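Subject: Structure for you to look at

Dear colleague,

My notes on what was found follow directly below it.

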Amino acid sequence: MNKEQNSASAQVRGTRVLAVGSLLGLIVLGLAWELWLAPIRPGGSWLALKVLPLCLPLAGLLKNRMYTYRWVSLMVWLYFTEGAVRAYSDKAPGNCLALVEVALCLSLFAACALHVRWRLKNPIKEG
């Protein structure tokens, strides 16, 4: 492998790690937010179920499936919208948690978009 291929391979691996980390962060944040940190109702809320759709792409990202990166980059905007709305409508600490959700969504989107772009530009055999 030459220097350019090593660099491209490192970029692809980095975006994969960032995507999986951001997705796991969204799952943990969603559960903690709605069950303990700032639930809508005292004692927890059924809104914690919002993390279930986030669990679906986890296996695809871990298996490095290109299709999963593509549709996750679209699905994440639903969570971004929720975070943006709740950042302005919730009281503390919910609004701060919403800003963390927005940051994680932006991170996940950027990681997925760059991952797809770099993998298509520099096909690398993962092994």
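The protein chain exposes about 7700 Å² of surface, of which carbon and sulfur atoms supply 67%. Please keep in mind throughout that this is a predicted model, so every value here is computed from predicted coordinates.

As for the overall layout, the protein chain has four helices and zero strands, and from the N terminus on its elements run α-α-α-α. Along the principal axes, the C-alpha atoms fill a box of roughly 55 × 25 × 20 Å. The protein chain counts 127 residues, and 42% of them are buried.

Which residues are linked in a network of salt bridges? They are Glu34, Lys50, Glu82, Arg86 and Asp90, and the count of salt bridges comes to five.

Glu34 is found in helix α1, and it counts as buried because its relative accessibility is 0%, where the cut-off for buried is under 20%. The side chains of Glu34 and Lys50 meet in a salt bridge, with 3.1 Å from N to O; this pair links distant parts of the chain, since Lys50 is in the loop between α1 and α2 while Glu34 is in helix α1, 16 residues apart. Glu34 also forms a salt bridge with Arg86, and here the closest N and O atoms are 2.6 Å apart. Because Arg86 lies in helix α3 and Glu34 in helix α1, the pair ties together parts that are 52 residues apart in sequence. A polar contact of 2.6 Å likewise joins the side chains of Glu34 and Arg86. Leaving out residues up to four places away in sequence, Glu34 touches a number of others, among them Pro39, Ile40, Gly44, Ser45, Leu47 and Ala48, as well as Lys50, Glu82 and Arg86.

Arg86 counts as buried because its relative accessibility is 9%, and Lys50 counts as buried with a relative accessible area of 14%. Lys50 has a further partner in Glu82, and the side chains of these two meet in a salt bridge of 2.8 Å, N to O. Glu82 lies in helix α3 and Lys50 in the loop between α1 and α2, so this pair ties together parts that are 32 residues apart in sequence. Both Glu82 and Lys50 are buried.

Two further residues of helix α3 are worth a look. The helix itself covers residues 66–89, and Val76 has its place there. Is Val76 buried or exposed? Val76 is buried, because its relative accessible area is 2%. Not counting residues up to four places away in sequence, Val76 touches Leu26, Cys105, Leu108 and Phe109. The C-alpha atoms of Val76 and Leu23 are separated by 9.2 Å, although these residues are 53 residues apart along the chain.

Ser73 also has its place in helix α3, and it counts as buried because its relative accessibility is 12%. A polar atom of the Ser73 side chain lies 2.6 Å from the backbone oxygen of Arg70. With its neighbours within four places in sequence left aside, Ser73 is in contact with Phe109 and Cys112, and Phe109 is also among the residues that Val76 touches.

In helix α2, which covers residues 52–62, the buried residues include Leu54, Pro57, Leu58, Gly60 and Leu61. Just after α2, Asn64 takes a positive phi of about 60°.

Leu31, Leu35, Trp36 and Leu37 make a nonpolar surface patch of about 400 Å². Of these, Leu37 has its place in helix α1, which covers residues 3–37, and Leu37 counts as partly exposed because its relative accessibility is 48%, between the cut-offs of 20% and 50%.

How values were computed:
Residues are numbered from 1 along each chain as its sequence is written. This is a predicted model: local features need pLDDT of at least 70, side-chain atom pairs count only at pLDDT 80 or more; totals for chains, interfaces and linings use all residues. Side-chain values use heavy atoms; hydrogens and water are left out. Patches are made of residues with over 30% relative accessible area and no salt bridge: like charges are joined within 9 Å, nonpolar side chains (Val, Leu, Ile, Met, Phe, Trp, Tyr) within 5 Å. Accessible areas come from the Shrake-Rupley method with a 1.4 Å probe; for residues, only the protein chains shown count as cover. A salt bridge is a side-chain nitrogen of Lys or Arg within 4 Å of a carboxyl oxygen of Asp or Glu. Helices (H or I, at least four residues) and strands (E, at least two) are DSSP runs, numbered from the N terminus. Buried means under 20% relative accessible area, exposed over 50%, partly exposed in between (1.4 Å probe, protein chains only). Contact means heavy atoms within 4.5 Å. A polar contact is a pair of N or O atoms within 3.5 Å; within protein, one must be able to donate a hydrogen and the other to accept it, and residues adjacent in sequence count only if both atoms are side-chain atoms.
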